[in-house]
Amino acid sequence: MKITDVRALQPIGENSPPDWRTSLGQILVAVDTDCGITGYGVGGGGMAGMHVARTVLRDLLIGRSPEEISQLWNEMYQATLAFGRKGIAVMAISGVDLALWDLRGKAEKLPIVALLGGSPGKSIPTYHTVWDNEGLSSAADHAGYKLHLGKVADPAQQDVMISSIEQARLQIGTDRLLMVDAWMKWDVDTTISISQEIAAYQIEWIEEPLSPDDLAGYAILKEKSAVPIAGGEHEFTSAAFGPLIRQKLHSVLQPDVCWCGGLTELIKIYTMANEAGLRVCPHRGCEIWALHAIAALDLQPLAETGRPWMTWVEGQPEIQKGMIELSERPGFGLTFDEHTLKFLY
Ligand SMILES: [Mg+2]
């Protein structure tokens, strides 16, 4: 089998937010082969990510065998090293990597979960992310909820945040998980202070309180936060997750498989974290791209609900009574009809 083309497109999702999540949003990467199978993956970076995939990555991959995914990943990383390493270039690599895994599954007629040593059909609990307390009024059967404080996360609004968290715990009761997302907007002192105030509300984790670059800050939080710290949603490659795991700077690692380098990197992150006794809870884990790894590799599986505007992904399993499970369809188990999709770019 040889790769004949690498294509990248940005489909339009419904109610896609009017910010970078659209203008630099999720891209669909298709890898075509001479035996008629096309693998599909999703990466990020909008038109900039598409340009990386259509030029440097495409040039590298045409005529190559898609089977040696690790080798191709290393070559893609090397080819983008001068302008990549993190961010949009690695988001583009992620889409290609996932398409190569999809090809492998389709060629072997096996779901990705089986390639990773697991099996489909296992029910996985989910948690749902909400942007305000109103979002909790429709609380369904999820195992837990995460209150995203991105809109009020200024450290000066500490009292507002603490009362929202207290209210959230009252709304969902005591038998469900509650998490808090600070979206990189707090500082060390704010995090320590808030953690002490909210620890009584049984908070599973505080997510991304600091910039991903502030490893020194996270080292202080590891000792002084009264609530476990989660992070990694905006980190890239297993190489960068290495120090986070070795120094145990996060109790919960949250790679986004469509950004961090694809399934090839997510597998390495799982292996390192499992050996270190740390938890992995991939960003937006209900989306099919991470769900196969959660089903096969996760010792304490919990899948976050997906991006609601990814409506162009066909074949994504539904959440039923708060649980989600994989089908036996080969590859990632999705279908794309490129003729009926509408594209932003
Ligand atoms: Mg987050």
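Trainee: What are the ground rules for the numbering and the model?
Mentor: Residues are numbered from 1 along each chain as its sequence is written. The model is predicted, so local features need pLDDT of at least 70 and side-chain atom pairs count only at pLDDT 80 or more, while totals for chains, interfaces and linings use all residues.

Trainee: Why is L61 called buried?
Mentor: Buried means 20 or more other C-beta atoms within 10 Å of the residue's own, exposed means 12 or fewer, and partly exposed is in between; C-beta atoms are placed from the backbone. L61 has 24 C-beta neighbours inside 10 Å, so L61 counts as buried.

Trainee: Where is L61, and what is it in contact with?
Mentor: L61 sits in helix α2 (residues 46-61). Helices (H or I, at least four residues) and strands (E, at least two) are DSSP runs, numbered from the N terminus. Contact means that C-beta atoms, placed from the backbone, lie within 7 Å. Leaving aside neighbours within four places in sequence, L61 is in contact with I3, V6 and L72.

Trainee: Why is K109 called exposed?
Mentor: K109 has 11 C-beta neighbours inside 10 Å, so K109 counts as exposed. K109 lies in the loop between α4 and α5 (112-115).

Trainee: What makes K321 exposed?
Mentor: K321 counts as exposed because 10 other C-beta atoms lie within 10 Å. K321 also has a positive phi, about 50 degrees, and is not a glycine. K321 lies in the loop between β11 (303-304) and β12 (323-324).

Trainee: How do you know that the buried residues of α7 are on the same side?
Mentor: In helix α7 (residues 188-198), T190, T191, I194, S195 and I198 are buried. They cover an arc of only 125 degrees around the axis, so they lie on the same side of α7. The arc is that of the directions from the helix axis to the C-beta atoms.

Trainee: What covers the buried residues of α7?
Mentor: The cover includes α6 (158-172), β7 (206-207) and α8 (215-224).

Trainee: What makes β4 and β5 a pair?
Mentor: Two strands pair if DSSP finds at least two bridges between them. Strand β4 (residues 124-130) and strand β5 (residues 144-148) have four bridges, in the parallel sense, so they pair by that rule. H128 has Y145 in β5 as its bridge partner.

Trainee: How many bridges join β5 to β6?
Mentor: Five bridges join β5 to strand β6 (residues 177-181), and the two run parallel. D181 in β6 is the bridge partner of H148.

Trainee: Which residues of the largest nonpolar core touch the most other members?
Mentor: V29 and V96 do, in a core of 91 residues. A nonpolar core is a set of buried Ala, Val, Leu, Ile, Met, Phe, Trp, Tyr and Cys residues joined through C-beta atoms within 7 Å. α4 gives the most to this core, with twelve residues. Not counting residues up to four places away in sequence, V96 touches V6, V29, V31, G41, G43, A53, L57 and M76.

Definitions and conventions:
Contact = placed C-beta atoms within 7 Å.
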